[in-house]
Structure formats: C-alpha cells, structure tokens
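Open the model in your viewer and keep the sequence panel beside it. Each stop below gives a selection and says what is there.

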Amino acid sequence: MELRVLRYFLAVARAESITAAARDLHLTQPTLSRQLRELEEDLGKPLLLRGSRKITLTEEGLLLRKRAEEILSLVGRTEREIGQSDIAGDIYIGTGETQGVRLLARVAAQLQKEYPAVQFHMVSGDAMDVCEGLDKGLLDFGLLLGDMDKTKYYYLELPVKDTWGVLMRAGSPLAQKSWVTPEDLRDKPLILSRQSGNKSDLYRWLKKEPESLQTAATYNLIYNASLLVEEGMGYAFTLHKLVNTQGRDLTFRPLKPRLEMPMYFVWKKYGLFSKVGEMFLERLEKSLEETPAE
C-alpha cells in the first residue's frame, strides 16, 4: 500500500463520496475510482459499498480507515520531528482523569516556557486506551493508575496516590457521614468507572463479586457521571478532587477502610524518543526527586 493511496481512501471515507473526494484531491473521478479498485484488489477484500447517494465502508474498510489514520499520523509526526533543527516538536501523553496530571503539567509548562515550539498533546482515556496508544507508537508516555504491566513498560512511580471515594447527592443520608463503608453501599445503585471493571481492589473493598453489585450505570468521564448522580441514578465511585462540588447538589465522601491507587508514568520499553521527549522525561525525573511524597 502506498501512502498516497491511503490518503485517497481516507478522503473518500470522510467525504462519503468519490465525486466530492476527487474534487478535494484535484483528481478526476475515473482516476480516483481506479486507485480504489486497485487497493481493494491488492488487499483481496471489498472496502467500499457504493450506494446511489453515498459511499459507506465495509467492516474491512472501517478497519483500514482506523489503521490508515494511525499510519498517516505517525508519518506526519516523524516528518515534522526530522525536519526540525531547533528544539521543537510534539509530546503525546495519554492519561485518565487524575490529579496526578498536575505534576506533569508543571514540568510541561516550564519546558514550553523555555522552548515555545514544543507542543504537548494530552489524550484522555482509560488504561486500555492509554496502553493501546503506547503499544502502537501513537503516544510517547502514559499515566496509569493502579496495577500495570511492569514487564512491558519502563516507569516512574509518582510520589502521590489517588484516593477512592463516592460522589453522591448532598441530601443523601450517607452525606451525613464522614466516610462510606462497604455495608453502606450494599443495597445502593452504583455508578462505576469503566476502568474499575479491571480493578480487583475495588471489588475486594466492597467484599462482593461484580455480578452481585447493583450497577446502575458505567462511565469513562466523571463529569458525565456527576450528572447521573445529580439526577438520582445512584452513587458514583470516583477519585478525590476530580469533581468540583461547589454550587452543585453533590458531595464526596472517602472510603473506609481507605482505598488508594498508586500512579505510574510509563513509556514503552525499547522505544525511541524525540529530543523533546527525552528532555521532558529528564526534567520530570528531576522534578519528582524534589517532590515530597504525600
């Protein structure tokens, strides 16, 4: 597959029309159609369903679209990094919602102040998303909470930990308590992080198996979960300091026994960094050495 043809394919996938894509690419429609047919022949699979009004993608076409976007993104990034003579470039960091990002932001702000041509890209996602981005080379670094594969990644353990608790309506009977115990939640509808499905510590704390819980909803963005809580759908397990409860019918209560999650700043083993990536890692290591553990 040629990169040029992948760009043609993406243009058609996005425009949902060979005619419109040909116009955007400054090609004739027969030329573009021929390139796409040859691509399908090379792969041995149909990629497009050619309807009377628009083009749709087959299952194989959807997979190729995803891979083509990843490939072209990496190519563009590599070209930019090689072509830069000054200290400049892009740093991609994948992370979930956590206060630990503040430690990274501090170092990023200092580096960018010194080298304004350095750009940071924070990509939000759960652990599965972050690890996938690292493995494919789409992310330079990741911030992971709790368990992680230490044989697969190099890592720095951050000197802070996130604390689990429950977000609830301010008028809830449990809001009168200073903390929440497993017994308090036995008969309550729960709103769980999508990521918590892989976190056995939370289920051990609850002393219940996942299938025996009264799960009302799951989420991957805590702001959306906070709206579910406000509407009375249940009690959301989340990390401390992620939701500003001021002016809202919400309050947060920590768990008892206390449940904490370590944080790891990770990168792929044997991966290669750009110059700015190496600089950021070095400065973060130095900053962490100077940061007292909480």
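The tour runs from the whole chain to single residues.

**Ground rules**

This is a predicted model, in which local features need pLDDT of at least 70 and side-chain atom pairs count only at pLDDT 80 or more, while totals for chains, interfaces and linings use all residues. Residues are numbered from 1 along each chain as its sequence is written, and side-chain values use heavy atoms, with hydrogens and water left out.

**Whole chain**

Show the C-alpha trace. Along its principal axes it spans about 70 × 50 × 40 Å. Colour by secondary structure: the protein chain has nine helices and eleven strands. Helices (H or I, at least four residues) and strands (E, at least two) are DSSP runs, numbered from the N terminus. Of the 294 residues, 44% are buried. Buried means under 20% relative accessible area, exposed over 50%, and partly exposed in between (1.4 Å probe, protein chains only).

Contact means heavy atoms within 4.5 Å. Among contacts with a separation of 6 or more, 73% are between residues 24 or more positions apart.

**The cores**

Select I91, L185, F237, F265 and F280. These have the most contacts inside the largest nonpolar core, which has 44 residues. Then select L10, V12, L32 and I55, which are included in a second, separate core of 21 residues. A nonpolar core here is a set of buried Ala, Val, Leu, Ile, Met, Phe, Trp, Tyr and Cys residues joined through side-chain atoms within 4.5 Å. In soluble globular proteins, nonpolar side chains tend to be buried together.

**Helix 2**

Go to residues 18-25, which form helix 2; I18, A20, A21 and A22 are buried there. What covers them? The cover includes helix 1 (3-15), helix 3 (29-43), strand 1 (48-50) and strand 2 (55-57).

Look at the start of the helix. A side-chain oxygen of S17 comes to within 3.3 Å of the backbone nitrogen of T19. This is a polar contact: a pair of N or O atoms within 3.5 Å; within protein, one must be able to donate a hydrogen and the other to accept it, and residues adjacent in sequence count only if both atoms are side-chain atoms.

Check the backbone on either side. E16, in the loop between helix 1 and helix 2, has a positive phi near 55° and is not a glycine. H26 follows helix 2, and its phi is positive too, near 60°.

**Strands 6 and 10**

Select 153-169 and 250-254. Strand 6 and strand 10 pair in the antiparallel sense over five bridges; pairing requires at least two DSSP bridges between two strands. V166 has R253 in strand 10 as its bridge partner. Four of the five residues of strand 10 are buried, so this strand is largely enclosed by the rest of the structure.

Move on to P257, in the loop between strand 10 and strand 11. The peptide bond from K256 to P257 is cis, with omega near 5°.

Now select S172, in the loop between strand 6 and strand 7 (190-193). S172 is buried, at 5% relative accessibility. Its side chain joins that of Y235 through a polar contact of 3.0 Å.

**Aromatic pairs**

Show the rings of Phe, Tyr and Trp. Rings (the six-membered one for Trp) pair if their centres lie within 6.5 Å; planes under 30 degrees apart count as stacked, over 60 as edge-to-face and the rest as tilted. The structure holds nine aromatic pairs. In one of them, Y155 and Y264 are edge-to-face, because their planes stand at 85°, with ring centres 5.5 Å apart. Y155 is in strand 6 and Y264 in strand 11 (residues 260-268), 109 residues apart. Y155 is partly exposed at 35% relative accessible area, whereas Y264 is buried at 7%.

W205 and F237 are also edge-to-face, at 6.2 Å centre to centre and 80° between planes. W205 lies in helix 7 (residues 200-206) and F237 in strand 9 (residues 235-239), so the pair ties together parts 32 residues apart in sequence. Both are buried.

Next, select F120, F141, Y154, F265, W267 and F280: ring pairs link them into a cluster.

**Last stop: Q214**

Find Q214 in the loop between helix 7 and strand 8 (215-219). Q214 is partly exposed, at 42% relative accessibility. Which residues does Q214 contact, leaving aside neighbours within four places in sequence? They are D187, K188, P189 and L190. The side chain of Q214 reaches the backbone oxygen of D187 at 3.3 Å. Finish with a distance: the C-alpha atoms of Q214 and D24 are 52 Å apart.
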